[in-house]
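Reader: I have a model open and want to go over a few side chains with you. Can we start once it is on screen?

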Amino acid sequence: YHLLPGKSGPEYFRRSQSYKNAPWIGDYDKELFSSYNTAWRPYVYWRRTPYKGKYININHQGIRYTTPSEVREADASRKLKIFMFGGSTMWGEGVRDQYTLPSLVVQDLAAHKIKAEVTNFGEVAYVNTQELIELMLQLERGNTPDVVIFYDGYNDVYAALQSRQAGFSQFEWKRELEYNISTRYNKLKGVFLRNSLDRFNLGKLIKSFSNK
């Protein structure tokens with residue numbers, strides 16, 4: 001999937017050609033767009049709000065549904081509690097609930113008679129530091145896993161390119177701007193005007209000439 005600037009609704013996404021004419025893809029696009037609502041979370045900044053659909057389901061904690069293991073307690077050679085962290089790839093952007101990486105891990109372990117409870121802590125645009133903080137918060141609550149898996153790379157590199165410095169989350173400059181606005185109200189009008197102009201063609205034209 002790729003984001004398309006200037007678009008709204010499900011057409012905001014451009015799909016990979018690998019989906020071809022999958023019969024479910026149209027409805028999936030609508031669910032993916034509808035599930036993009038996020039809410040503020042301390043320390044980790046954001047996580048998605050609850051969502052219930054045919055292909056995408058998110059609970060009240062902002063955690064996407066992972067298919068449960070089909071291995072019965074009596075048949076299990078081992079039981080594992082696994083946490084999986086990452087960005088949109090781990091979350092499963094572009095795939096249905098049963099085909100996310102955590103769901104596939106549950107299925108693969110089941111084939112080896114290992115019963116696994118896997119929690120998908122993946123979230124769009126997350127960098128490794130946010131995931132480490134989320135893990136720490138879970139441990140503080142007594143939620144302790146047997147295995148922790150991180151799958152990172154792209155978001156950390158992209159965030160470094162954004163801020164010209166490694167180690168920050170994505171769009172950190174926006175949070176700095178929001179904080180400065182909250183403490184200096186006279187800046188609010190200027191920020192609102194600039195953001196409003198950016199949404200119109202005239203503003204884009206003025207900005208283009210200004211940059212030149």
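Reader: Lys-79 to begin with: buried or exposed?

Author: Keep in mind that this is a predicted model. Lys-79 is exposed, and its relative accessible area is 53%.

Reader: Which residue does the Lys-79 side chain meet in a salt bridge?

Author: Its partner is Glu-73, at 3.3 Å from N to O.

Reader: How many salt bridges does the structure hold?

Author: Six. One of them joins the side chains of Arg-72 and Asp-75, with an N to O distance of 2.9 Å.

Reader: And what is the exposure of Arg-72?

Author: Arg-72 has a relative accessible area of 56%, so it counts as exposed. For Asp-75 the value is 36%, which makes that residue partly exposed.

Reader: Where do Glu-172 and Arg-175 sit relative to each other in helix α6?

Author: Helix α6 covers residues 172–183, and the two residues are three apart in it, so about one helical turn separates them.

Reader: Is Arg-175 buried or exposed, then?

Author: Buried, with a relative accessible area of 15%. Glu-172 is partly exposed, at 23%.

Reader: Where does Tyr-43 lie?

Author: Tyr-43 is in the loop that links β3 (38–41) and β4 (45–48). The residue is exposed, with a relative accessible area of 61%.

Reader: What about the phi of Lys-113?

Author: Lys-113 is another residue that is not glycine, and its phi is positive, near 65°.

Reader: Which loop is Lys-113 found in?

Author: The loop between α3 (101–111) and β8 (114–120).

Reader: And how would you class the exposure of Lys-113?

Author: Partly exposed, as its relative accessible area is 47%.

Methods: Residues are numbered from 1 along each chain as its sequence is written. This is a predicted model: local features need pLDDT of at least 70, side-chain atom pairs count only at pLDDT 80 or more; totals for chains, interfaces and linings use all residues. Side-chain values use heavy atoms; hydrogens and water are left out. A salt bridge is a side-chain nitrogen of Lys or Arg within 4 Å of a carboxyl oxygen of Asp or Glu. Buried means under 20% relative accessible area, exposed over 50%, partly exposed in between (1.4 Å probe, protein chains only). Helices (H or I, at least four residues) and strands (E, at least two) are DSSP runs, numbered from the N terminus.
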